[in-house]
Structure formats: C-alpha cells, structure tokens
Amino acid sequence: MIPLSWYLILSAALFSIGLFGVMARRNAIAILLGIELMFNAVNINLVAFWRYLDPTIMNGQVFAIIVFAVAAAEVAVGLALVISVYRNRKTVVVDDLDLLKW
Amino acid sequence: MRYTSTMVMSILPEILLLILGIILLVIEPFWKGDKRRNAGKLTAAGLFVIMALSIYFGRPNESTMDEVVFGGMIRFDWLAFFFKMMFVFSAAVTALFMMDHEILGKRGESYIMLLAATLGMNLMAASADLVMLFLAIETASIPLYVLAGFTVADKKSTESGIKYLLFGAMTTAVMLYGFSLLFGFAGTTNLYALADQVVTGQLPLGVALGLFLLIVVGLGFKVAIVPFHFWAPDVYTGSPTPVVGFLSTASKAAGFAVLARLFIIGFEGNLFPLSDLAYSWASILAVLAAITMTLGNLVALKQTNMKRLLAYSSIAHSGYAMIGLVALTELGMTSLVFYLLAYILTNLAAFGTAIAFERVTGSTEIKDYAGLSRRSPGLAIIMLVAFLSLAGMPPFGGFVAKIFVFAAAVQVNMIWLAVIGILNSIIGLYYYLNVLKVIYLYRMEGEDEESHPIPLTRPYALGLVVLSVGILLVGTLIAPWFGFSNEAALNLFKF
C-alpha cells in the first residue's frame, strides 16, 4: 500500500499551489479557483487519514463530504458576487476594485 | 443514538429560528407595497419571542452540562447558552435597524439571511466537534457574505461583498487545513477527546503550535485581529450599515466563543500549572492582542469617515477582549464574556445612531455630524452614551468591562499587557471625544439646525432606547451580568 506520507505530501503541495494562486492571481475567478484547490487539499488529507487511521470511524469521510458541500455553496455565492461586481464595474480584476481604500 | 429531551432543549433556539425563517419565507411574498415593512416587524418580534422562550424553557442545568448531545457534536452548557442569547438579541436589534433601510428593509431575503447567520453563530457557540464547528462557521459566514454585497446597485457594497468573501474563504481554507491535520494527528474530531490526545503529550510542541497557527488564521479573520484585519475597514465602509452593525458585534463574539472553547479545551488552556503549549499559544495571542489594540487605535485617530472610524475602533476592541482570553484563568474568561456583552450593546448602539443619521442625511462623514445635538438631541445623547461606553467611561458598560479585562491580565502577572491596554484606552478616548466634540460643539453650516431635523423612525427609536438602557444596566447593575458570565466561564475551567 502507498504510505500515508505520500498523500500528505500531495495534499501539502496542492494546498501550497492553491495558496500561491490566491496570493498571486489578480482575477477574482482565479482566486476562487485557488481557494477550491485549498479545499481539495483538505479533502485529500481527511480521506487519507480516515483510510489509514481507523476506517470504521466515519468522522473523516463525513467531514470530507461536508467540506465539499460547503465549498460548493461558498463558490456559488462567490460567483454571484463576481457577477454583480462585473455588472457594476465591467471588471473582475481585484486590483481595480479600489473604491474602498484608506 | 437514543432520543433524549435534552436534544431538543439543546437546540431549542435554533429550531425556533428555523421555524421563524420558514414562516417568513411563506408569508413574505404576500406582502406588497407598504406592507413589506411587516417582514422586519415579524423578524424582530419573532427573535425577541425566541429569546424569551429559550430563557424560559431552554436553560441548561447541572445535569445537562456534561451530557453528550448528538454524539458529542454540541454542548448544552451556560457558555453556549449565554452566547446564543447575545446573538439572538443582536439579530433582533439588527432586524429593527434593517426595517427602514432603503433596500434591506423591503426584501424578505435579507431577514432570512440574518436568521441563517444567527443560526450558524448559535451553533458555533455550542459546537464541540471540528466537523460541527466548520459547518457552523460556514453557516454563519455565507449569509454574511451575501448581506455584505446585498445592495447590488451600489458599487461599494458589491466590492465589499466580494472582498469579504475572498478573504473569508481563503482564511477558512487555511483553518480547515489545520482542522484536517488536527484530525489526522489526534485521530478524533471531538474537542474534548482531542484534549486528551494533546494533554498526554501525543503531539510534539512544534506540531501543536503549527496547527494552532493554521487555525488561528480562520478565527483571527472572524474576530478581526491583526494581521487578519485587512478586510474589516473596507467591508465595514462598503456594506449596508445595519449589516455592519451585526458583523462587528455578533459575528465577532461568535469568533471569540469558538476561540475560547477550541483553544481552552482542545489546546490545554485549562490546566494548572500551564503547560508549555498553553503558555506558548497564549503568549502569541497576547502579543497579537497588544499589536491589535495599538494599531486599531492609532489608525482610528486619523479617520474622517464614521464607519471607518468604528471599524478601526472595533479592531482595537478585539484586542482588549483578547486580553481576557490569554489570561487563561476563570476571571479572564469571565471578563471576556462580560466584555463581549458590553461591547455588543455599545457597538450596536454606535452603529444604530450612524444608521439613523445616514438614512436622513445620506452621509457617513464625521464632519457632517456637526450640529447634531441641535438637529436631534435624542440621537446625540444616545451617541454620547455609546461613545463614552466605547471609550470606557463610567457609569457605562464599557468601563466595567475594561476594568475586569485589565484585572484579569494583572492577576496572572501580565502587567505589560494591562499597561498597553490602559495607554490604548487613553488614545481611544481622544478620538471618541473628537466625534462628540463635532456633535456637541460645532454648528452646521448656516447655523439653521432647526430647519434640518433628523427624525427617528419608531423601530430605530425602540432599538436605540433598548440598547442605551442595556449599556446603563450592564454598567451599573454589574453583579447579575458578572454572575452569568462567570457561569459561562466555569464551563471551560471546571471538570
């Protein structure tokens, strides 16, 4: 069987890529994609831990299912907000959203 | 899992919130035109009734304290109950404030979102399991993202909505990564079982602290402590003001409820003497609290916009409240709960006056408040109460709350933190008094204040009077509130 650590490394890498995307990208939709990658890294972690620790305890799987359900809801709201911003401003680049600045 | 009556009792406020939401969804479409305001009346009245029913029927008692409800997903104790009542109360007042808002007040959805967010916050305060905790945090957050961007025609509101969502989703993802690793290392998602894993030294100090840092990103965002505060001024300025009032009080208190339960139970904050782990994370949070207070107050000094000023002031107040948490004692926890109670009343009143002023004048600039004492003496006096309480003046709630928080810091020899807190209160006093100076001493341009009155509609008047009486009650009749806070604090420190 593939050792647990491989999964953890995969998920850490995925998480870092997602975090980098959030920090580096300027497009609101790309940022949302980065956030999705971070959520998926979490899911890999959860399912891997569930499988390797004690598959009879379902906490890990339940947690993973709840995570992607919630992530879907979050992205739905996110895209709706992106659309309403686009209607107002004709842009989804976060650098251009600078009405609110100190 | 066997059914017990505690199950219903433990989520009584949430069940009632859901019922109220469904009633609202069904009835609201039938109200047209002027009748649309009824939705706000129904929500506010319903929330006050929920509060009364919960206090009468749904109080926790000795036997339910340690009972594991819903397979350990939630706890039914005074800590949860006290916070729940605070959230329901602030939602009720927010519903009153929303009623006469141009857009929020005419749309039933805004009240549904408010109820959904309140439900999530209630569960945040009660949850004792990482799965439940995450679900509750998101249930509270997602409706708030929608509310922040609710006025879709307003460029600022949509911008603040998307900023809030992007910051929020990112910090939540980081926190969730922490949760997943915590689950993996401890082998359980239950906070109380987690405590055993951490306490017996299963986790090396470095790993545990790393997990703590990941988790504190998400919760730090909720309570807006430095360095996770960037969203607050922007979102507070852009969002509809009634929403901001809710965001800066209930949402923040919910974050603190989670911080307290998660870290004090899960990361061995209630052991005596303190372990290395507890000492380390408390020190990190203490430093963050000091920076938060100082930065919030210093930046607030030069703000010219009321909502931005209140945003930085609320960042500073997170810092004060955090002192109560990092003391890691029973008094510290009591003072935290008491502080949040006083803060919710005070900040809601401050935002309420800003809402009432903005509705008539359309402005949130501080210089436009000139002559307010002549234009609307009632509004000015409530503003006086709210701002003096924020500044920590007797006989208002904010004064007593600050005393307890600083006392908690002194009791555990964190004198430096108390000193920084007191210095910050003095800085705070300056800018709060500055606003009062504009209100009371300056005249409007043209000096004809009498021809520009600021009428208060009935829901605003009701909400503001309730809040001001609350501030005075918390500041003068201290004992009962302190007693409740103490009951709540004991749940974390007595086993």
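What percentage of the 495 residues in chain B are buried? In this predicted model, the share is 63%. A residue counts as buried here if 20 or more other C-beta atoms lie within 10 Å of its own.

Start with the whole chain. Chain B has 21 helices and zero strands. The C-alpha trace of chain B spans about 70 × 55 × 40 Å along its principal axes.

Next, look at which residues touch. Take the contacts in chain B between residues at least 6 apart in sequence. Of these, 79% join residues at least 24 apart.

Now zoom in on one element. Helix 2 of chain B runs over residues 12–27 and has 16 residues. From first C-alpha to last, helix 2 reaches 23 Å. That is close to the 22 Å expected at 1.5 Å a residue.

Which residues of helix 2 of chain B are buried? They are B:Pro13, B:Glu14, B:Leu16, B:Leu17, B:Leu20, B:Gly21 and B:Leu24. These residues lie on the same side of helix 2 of chain B, because they cover an arc of only 160° around the axis. The other side of the helix holds B:Ile22 and B:Val26, which are exposed.

What do the buried residues of helix 2 of chain B pack against? Their partners in chain B are helix 3 (38–57), helix 5 (78–99) and helix 6 (108–126). Follow helix 2 in the structure with both sides in mind: B:Leu20 is one of its buried residues, while B:Val26 is exposed.

Notes. Residues are numbered from 1 along each chain as its sequence is written. Chains are lettered from A and ligands numbered from 1 in the order in which they are written. This is a predicted model: local features need pLDDT of at least 70, side-chain atom pairs count only at pLDDT 80 or more; totals for chains, interfaces and linings use all residues. Helices (H or I, at least four residues) and strands (E, at least two) are DSSP runs, numbered from the N terminus. The expected span of a helix is 1.5 Å times one less than its number of residues. A residue is buried if 20 or more other C-beta atoms lie within 10 Å of its own, exposed if 12 or fewer, and partly exposed in between; C-beta atoms are placed from the backbone. The arc is that of the directions from the helix axis to the C-beta atoms. Two residues are in contact if their C-beta atoms, placed from the backbone, lie within 7 Å.
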